Amino acid sequence: MISFASDYTEGAHPLILKAFVDTNYEQTPGYGSDRFCDSAKEKIKKVIGKPDAQVFFLVGGTQTNSTVIATMLSDFEGVVSAETGHINAHEAGAVEYTGHKVMSIPHHLGKIDPDELEQKLAIWTGDDSYDHMVHPGMVYISHPTEYGTLYTLDELTRISDVCKKYEIPLFLDGARLGYGLMSLSTDVTIQDIANLVDVFYIGGTKVGALCGEAVVFPKGRAPKHFFTMIKQHGALVAKGRLLGIQFDTLFTDDLYFKISRHAIDMAEKLKAVFIEKGIPFFIDSPTNQQFFIMEDAVLDKIKDKVTYSWWEKYDETHTVVRFATSWATTEENIEMLRQIL
């Protein structure tokens, strides 16, 4: 059995495991006040080109999304997201659980259109009943999106401009950020993101870490007492070194970017296999998440040999499925899949 179900089915990169072992008996302060967290923060600030940025380490993506959104919004505000946005579709109502409505708008292969966003904000804020409504207080996007698609620099700039016009923050979910940044067809850099958004996070869980996400406020405008509120939301690790060691390792010698590029290279090889077998794409994704239209009969035959993610029904006899590569995918995995198909 081989798995292409997701990009976090493996444990952690060997260099991270080695760093854990090498530092295991070192005694450090808790809650992120250790030398590893300090070092990781400085490396992240350097790579994004923002020496005054604020960086915080949280345990996982859902905790990160709900904590950032809840702490940045007023009680009467909601967050604008694509219908397919992770916070709207796959986080079990975690944002609504904090008392904030997810205000969904149409998507285009997972992305928000800047013009549609501005039109929607104009309608909401121009409504005569505005004072009786949930106010749009933030815009949420992910890069890559749920469909593995990417925003162009122009699209990201235009969305940023819309947010500035309406004086609301732009939040970028970077759970798979490495795979987006190292895509062969992107024109967006991590420095561009730092310049255009108000808060984003660098995903570790899906990009080589055992767990953890690095939340970055590039302009140094974290909510007041953000650290305390991280703890209040159950997203703070007592042994903060667990996250510091991982991100310090990932941002040493460009490891984060190298292993992300590896996943992209493996995705290109995976795509070639499906093309060879005549299996059509549902979306020609430029990242590590690949979507195909497969016959249900074929899926039934391979179910005991390979795992993948069910996505949606295509018609009565076909299903859209997702195959994801990761930092740990090997060429041997791709060849095994080719033989299975």
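Predicted model: local features only at pLDDT ≥ 70, side-chain atom pairs only at ≥ 80, totals over all residues.
Seven strands make up an open sheet with mixed pairing, and their order is β2-β8-β7-β6-β5-β3-β4. At its edges lie β2 (54–58) and β4 (102–105), each of which pairs on one side only. On average, neighbouring strands of this sheet are turned by 25 degrees against each other, direction ignored. Strands of a sheet pair through backbone hydrogen bonds, either parallel or antiparallel. Within this sheet, β5 (residues 135–142) and β6 (residues 170–173) run parallel and are joined by 4 bridges. S142 has D173 in β6 as its bridge partner.

**Residue I2**

I2 belongs to strand β1, which covers residues 2–3. Its contacts, leaving aside neighbours within four places in sequence, are K305, V306, T307, N333, M336, L337 and I340. The C-alpha atoms of I2 and I275 are 20 Å apart, and these two residues are separated by 273 residues along the chain.

| Residue | Relative accessibility | Class |
|---|---|---|
| I2 | 8% | buried |
| C37 | 1% | buried |

**The cysteines**

How many disulfides are there? The count is 0 disulfides. A disulfide needs two cysteine sulfur atoms within 2.5 Å. The closest cysteine sulfur to that of C37 is in C211, and because it is 12 Å away, it is too far for a bond. C211 is likewise in no disulfide, with the sulfur of C37 as its nearest cysteine sulfur at 12 Å.

How values were computed: Residues numbered from 1 in each chain as written. Heavy atoms only, no water. Helix = DSSP H or I, 4+ residues; strand = E, 2+ residues; numbered from the N terminus. Buried < 20%, exposed > 50% of the residue type's maximum accessible area, 1.4 Å probe, protein only. Contact = heavy atoms within 4.5 Å. Pairing = 2+ DSSP bridges. Axes fitted to C-alpha atoms, helices over the stretch in contact; angles between N-to-C directions.
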